[in-house]
Amino acid sequence: MRSCLILFSFLVVFSSVYVTAADIDVKVNGLNKEMTQNALFFLQLSQIRENEKVSKAEIQRLFRNGSEQIKQALIPFGYYHGMVKSSLEETDTGWKAVYDVEKGDPVIIDHIKIKIINEGEKNELLQEIAN
C-alpha cells in the first residue's frame, strides 16, 4: 500500500512538471496578419508540437527568447527597431504568453547605387542593369 502511495505521489508531481503545446496560449499583438504569421513562425514557443511535453523551465527559456525572435521576424518587412513588451502567466489550464509589439518606423530605401568593378566593368549587360 505504501509503495502504491509513493508511486502515485511521484506520478502526480512528475506529470505536473511538463505541459504540452495544447497548454500554451501565445498571442502577438500590434502587427498585421502577415507580420503576425511571420512572428509566430519565428517564435520557438509557438513551434512546440501538439503532443510534445515541455518543462516549466523550457517554457520560461523559450519565452525569454521570444522578444528577440519577434524583432528578427520584422526585419523582412523593413522594421529594424521594434520594441516588444511581453508577459508570461501560468494559468489553471497551462501558460499564457503575450507579446505586445511596437514596430517603430520602417527603413525606407529611396536610392540605390550599384557599381560594378573588375571584370564586370567591361560587361555591357551588367552595366546596363546597374544603371
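User: In this chain, what share of the contacts between residues at least 6 apart in sequence join residues at least 24 apart?
Analyst: The share is 61%. Please note that this is a predicted model.

User: How many helices and strands are there in the chain, and in what order do the elements run?
Analyst: The chain contains 4 helices and 5 strands. Starting at the N terminus, the order is α-β-β-α-β-α-β-β-α.

User: What percentage of the residues is buried?
Analyst: Of the 131 residues in the chain, 29% are buried.

User: Which residues have the most contacts inside the largest nonpolar core?
Analyst: That core has 22 residues, and Val28, Leu45, Ile70 and Tyr99 have the most contacts inside it. At least two residues each come from β2 (24–29), α2, α3 and β5 (94–102).

User: Which element gives the most to this core?
Analyst: Helix α3 does, with 6 residues.

User: What does Leu45 touch, not counting residues up to four places away?
Analyst: Leu45 touches Ile24, Val26, Ile59, Leu62, Phe63, Ala97 and Tyr99.

User: Where is Val26 found, and is it buried or exposed?
Analyst: Val26 is part of strand β2. Its relative accessibility is 17%, so Val26 counts as buried.

User: How far apart are Val26 and Tyr99 in space?
Analyst: Their C-alpha atoms are 8.0 Å apart, although the two residues are 73 residues apart in sequence. Tyr99 is also in contact with Val26, as are Leu40, Leu43, Leu45, Ser46 and Ala97, leaving aside neighbours within four places in sequence.

User: Changing topic to the helices: at what angle do α2 and α3 pack?
Analyst: Helix α2 (residues 33–42) and helix α3 (residues 56–74) pack at about 135°, and their axes are 8 Å apart. Because of that angle, α2 is oblique to α3.

User: What is the hand of the crossing, left or right?
Analyst: The crossing of α2 past α3 is right-handed.

User: Which residues make that contact?
Analyst: From α2 the contact uses Met35, Asn38, Ala39 and Phe42, and from α3 it uses Gln69, Ile70, Gln72, Ala73 and Leu74. By type, the residues of this contact are 6 nonpolar, 3 polar and no charged.

User: Is Leu74 buried or exposed?
Analyst: Leu74, which lies in helix α3, counts as buried, with 2% relative accessibility. Apart from neighbours within four places in sequence, Leu74 is in contact with Leu31, Met35, Tyr79, Val101 and Lys103.

User: What separates the C-alpha atoms of Leu74 and Leu31?
Analyst: The separation is 9.4 Å, and Leu74 and Leu31 are 43 residues apart along the chain.

User: Which helix holds Ser67, and what is its relative accessible area?
Analyst: Ser67 lies in helix α3. Its relative accessible area is 16%, so Ser67 is buried.

User: One more residue: what is the phi of Asn118?
Analyst: The phi of Asn118 is near 65°, which is a positive value in a residue other than glycine. Most residues other than glycine have a negative phi.

User: Where is the place of Asn118, and is Asn118 buried or exposed?
Analyst: Asn118 sits in the loop between β5 and α4 (124–130). With a relative accessible area of 58%, Asn118 is exposed.

Note on methods. Residues are numbered from 1 along each chain as its sequence is written. This is a predicted model: local features need pLDDT of at least 70, side-chain atom pairs count only at pLDDT 80 or more; totals for chains, interfaces and linings use all residues. Side-chain values use heavy atoms; hydrogens and water are left out. Axes are lines fitted to C-alpha atoms, for helices over the stretch in contact, and angles run from 0 to 180 degrees between N-to-C directions. Angles under 35 degrees count as roughly parallel, over 145 as roughly antiparallel, 65 to 115 as roughly perpendicular and the rest as oblique. A crossing is left-handed if the near helix is turned anticlockwise from the far one by less than a right angle, and right-handed if clockwise. Contact means heavy atoms within 4.5 Å. Ala, Val, Leu, Ile, Met, Phe, Trp, Tyr, Cys and Pro count as nonpolar, Asp, Glu, Lys and Arg as charged, and the others, Gly among them, as polar. Buried means under 20% relative accessible area, exposed over 50%, partly exposed in between (1.4 Å probe, protein chains only). A nonpolar core is a set of buried Ala, Val, Leu, Ile, Met, Phe, Trp, Tyr and Cys residues joined through side-chain atoms within 4.5 Å.
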